[in-house]
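User: I am new to this structure. Please walk me through it in short questions and answers.

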Amino acid sequence: MAHGRDPLPDGPTEKCGVVGLSLADRAAARPLYYSLYALQHRGQESAGIVTHDGFQQHSHVDMGLVGDAFSESDLAGLNGTTGIGHVRYPTAGSVDKSCAQPFTVSFKSGSLALSHNGNLVNAGEIRDGLAERGHAFTSDGDTEVIAHDLARNLLEADLVRAVKRTMDRIHGSYSLTIMHDDTVLGVRDPEGNRPLCIGELEDGYVLASESAAIDTLGGDLVRDVRPGELVVLERDGSGFDSYQLVTRENTARCFFEHVYFARPDSRIDGTLVYQARRALGRKLWDESGVDSDVVMPVPDSGRAFASGYAEAAADDGADVEFAEGLMKNRYVGRTFIMPTQDERERAVRLKLNPIRSTIEGRSVTIIDDSIVRGTTSRQLVSLLRDAGAEEVHVRIGAPPIVAPCYMGIDMATREELIAAHQSVEEIRDEIGADSLSYLSIDAVAEALSSSRADLCLGCVTGEYPYDIDGEETDRDVERPGVTDTAPADD
């Protein structure tokens with residue numbers, strides 16, 4: 001296992017978090033810093049802030065967690081009342097400072113900074129075209145491609161038209177916070193795959209990947225940025241303008257935001273994530289509830305699911321106790337080094353310790369949000385049996401993950417995905433459980449009050465809402481041609 005990665009790599013890895021801020025007369029750096037802390041769960045490889053004081057841009061970007069990436073003097077040097085920030089987990093590009101964000105570029109029409117959550121499908125094609133026109137790239141990430149394309153369009157068009165031209169060329173998932181000189185704007189891709197919301201503060205407005213960042217600043221959630229919408233914050237923090245630049249018949253919102261990525265206290269697309277997970281847990285009982293003495297979550301990912309599951313069981317008259325049976329050691333961090341396979345196999349015992357009195361001599365149902373490779377699930381079942389469990393039933397609050405994610409989640413390859421080549425019964429046998437059940441796709445859509453047609457389900461169906469080489473699509477979609485001319489309706 002590489003240094004710097006989580007010792008329990010069985011789950012998907014968070015994507016990125018973005019934030020943008022425009023204040024009346026207060027320095028933006030510290031509120032941006034607090035916002036990034038609130039979004040730390042979305043990326044831990046690097047953190048960065050770029051501000052603008054009305055005359056020039058100020059930037060600080062470094063590797064590591066937010067608290068390690070910034071010192072007091074770093075924040076003091078970030079002057080200006082407007083700015084954007086980013087926390088990153090690499091899903092496209094290298095793990096080094098060249099791909100850390102916000103990405104900045106200076107050009108004839110001013111300065112540009114860009115933070116990106118998501119992943120482009122056609123970044124290579126656009127990069128090649130721009131390189132032929134003389135653009136020099138300093139990284140292998142897709143964010144720089146968006147920045148160069150937008151900078152080029154800003155030479156020929158106003159801000160709104162330039163953003164529209166870039167949106168018409170890029171294909172994939174993106175939520176962006178952008179700063180053009182001292183103007184902050186937010187863009188959400190036409191399918192709404194990545195979350196982005198608007199918040200109001202006493203002295204300004206904020207754009208953020210999740211509403212938890214707005215809460216941290218003492219602000220109020222205004223609404224989600226709509227799919228295909230451009231939001232431009234007033235430079236004096238007095239309001240924002242909205243431009244609906246692209247409209248699609250259906251969205252492709254990532255259902256895994258509600259299942260796994262987002263903080264439970266965030267609201268995404270009108271739904272509190274905690275309540276969505278409880279609803280998923282209730283559906284799990286409805287579809288595959290099993291009589292057992294105790295139901296317990298895998299901390300912390302399964303907690304809300306298990307709560308909803310136990311509540312639904314009680315409503316049905318089942319005598320199932322909800323209990324915490326596994327305690328998490330929060331100090332076994334992501335930098336813990338385990339150089340040998342044997343040590344990796346023991347990683348779960350370093351991070352989770354069973355409460356034997358809850359488990360011994362009892363039938364146990366353990367609930368988690370997903371099974372990716374199966375390694376951790378197998379270790380958990382073994383851990384519970386060693387602690388004296390008579391039966392171990394596993395329930396998962398999402399459908400089986402059968403295909404990789406191309407939209408900005410570091411999930412795994414098909415070869416690594418246990419459900420891509422094994423049946424539920426085979427997975428049950430491999431992890432050593434007495435029974436195993438997943439939640440159905442229809443139940444996910446129902447719990448999220450959504451149509452299947454408005455969700456990105458590629459990782460659980462193998463059919464994607466974007467035109468990806470070698471993959472099936474779940475809708476009529478074709479990636480845009482990468483041309484050098486502006487769209488006719490521009």
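**Loops, rings, cores and sheet**

Analyst: Asp-181 lies in the loop that joins β7 (172-180) to β8 (183-188). The model is predicted.

User: Is Asp-181 buried, partly exposed or exposed?
Analyst: Buried means under 20% relative accessible area, and exposed means over 50%. Asp-181 has 26%, so it is partly exposed.

User: Where is Ser-449 found, and is Ser-449 buried or exposed?
Analyst: Ser-449 also has a positive phi, about 50 degrees, without being a glycine. Its loop runs between α16 (441-447) and β24 (455-456). The relative accessibility of Ser-449 is 69%, so it counts as exposed.

User: Is the peptide bond from Pro-299 to Asp-300 cis or trans?
Analyst: Most peptide bonds are trans. Asp-300 sits in the loop between β17 (294-297) and α10 (303-315). For the bond from Pro-299 to Asp-300, omega is near -10 degrees, and the bond is cis.

User: How many aromatic pairs does a search of the whole structure find?
Analyst: The search covers the whole structure, and the number of aromatic pairs found is 10.

User: Are the rings of Tyr-33 and Tyr-37 stacked or edge-to-face?
Analyst: The two ring centres are 5.3 Å apart. Planes over 60 degrees apart count as edge-to-face. The planes of Tyr-33 and Tyr-37 meet at 85 degrees, so this pair is edge-to-face.

User: What separates Tyr-33 from Tyr-37 along helix α1?
Analyst: Both residues belong to helix α1 (residues 29-38). They are 4 residues apart there, so the separation is about one helical turn.

User: Which residues do ring pairs link into a cluster with Tyr-33?
Analyst: Ring pairs join four names into one cluster, Tyr-33 among them.

User: Which residue has its charged end over the ring of Phe-137?
Analyst: The charged end lies 4.8 Å from the centre of the Phe-137 ring. It belongs to Arg-127.

User: Is His-116 buried or exposed?
Analyst: His-116 is part of strand β6 (residues 110-120). Its relative accessibility is 2%, so His-116 counts as buried.

User: Which residue's backbone oxygen lies 3.3 Å from a polar side-chain atom of His-116?
Analyst: Beyond its neighbours within four places in sequence, His-116 is in contact with several residues, including Cys-16, His-86, Asp-142 and Ser-173. The backbone oxygen at 3.3 Å is that of Ser-173.

User: How far is the C-alpha atom of His-116 from that of Arg-194?
Analyst: Along the chain, the two residues are 78 residues apart. Their C-alpha atoms are separated by 9.9 Å.

User: Is His-180 buried or exposed?
Analyst: His-180 is found in strand β7. Among the residues it touches are Phe-107, Leu-154 and Leu-185. Its relative accessibility is 16%, so His-180 counts as buried.

User: Which residues have the most contacts inside the largest nonpolar core?
Analyst: In soluble globular proteins, nonpolar side chains tend to be buried together. The largest nonpolar core here has 46 residues. Those with the most contacts inside it are Phe-255, Phe-256 and Met-411.

User: Which element gives the most residues to this core?
Analyst: Elements giving two or more residues include α8 (256-261), α9 (273-288) and α17 (458-461). With 6 residues, the element that gives the most is α10.

User: Which are the edge strands of the open sheet of 5 strands?
Analyst: The order is β18-β17-β21-β22-β23, with parallel pairing. An edge strand here pairs on one side only. The edge strands are β18 (321-322) and β23 (435-438).

User: Which residue in β23 is the bridge partner of Arg-395?
Analyst: Strand β22 (residues 391-396) runs parallel to β23, and 4 bridges join them. In β23, the partner of Arg-395 is Ser-437.

Technical notes:
Residues numbered from 1 in each chain as written. Predicted model: local features only at pLDDT ≥ 70, side-chain atom pairs only at ≥ 80, totals over all residues. Heavy atoms only, no water. Phe/Tyr/Trp six-rings, centres within 6.5 Å; stacked < 30°, edge-to-face > 60°. Lys NZ or Arg CZ within 6 Å of the ring centre and 35° of its normal. Buried < 20%, exposed > 50% of the residue type's maximum accessible area, 1.4 Å probe, protein only. Contact = heavy atoms within 4.5 Å. Polar contact = N/O pair within 3.5 Å; in protein donor to acceptor, adjacent residues only side chain to side chain. Core = buried A, V, L, I, M, F, W, Y, C linked by side-chain atoms within 4.5 Å. Pairing = 2+ DSSP bridges.
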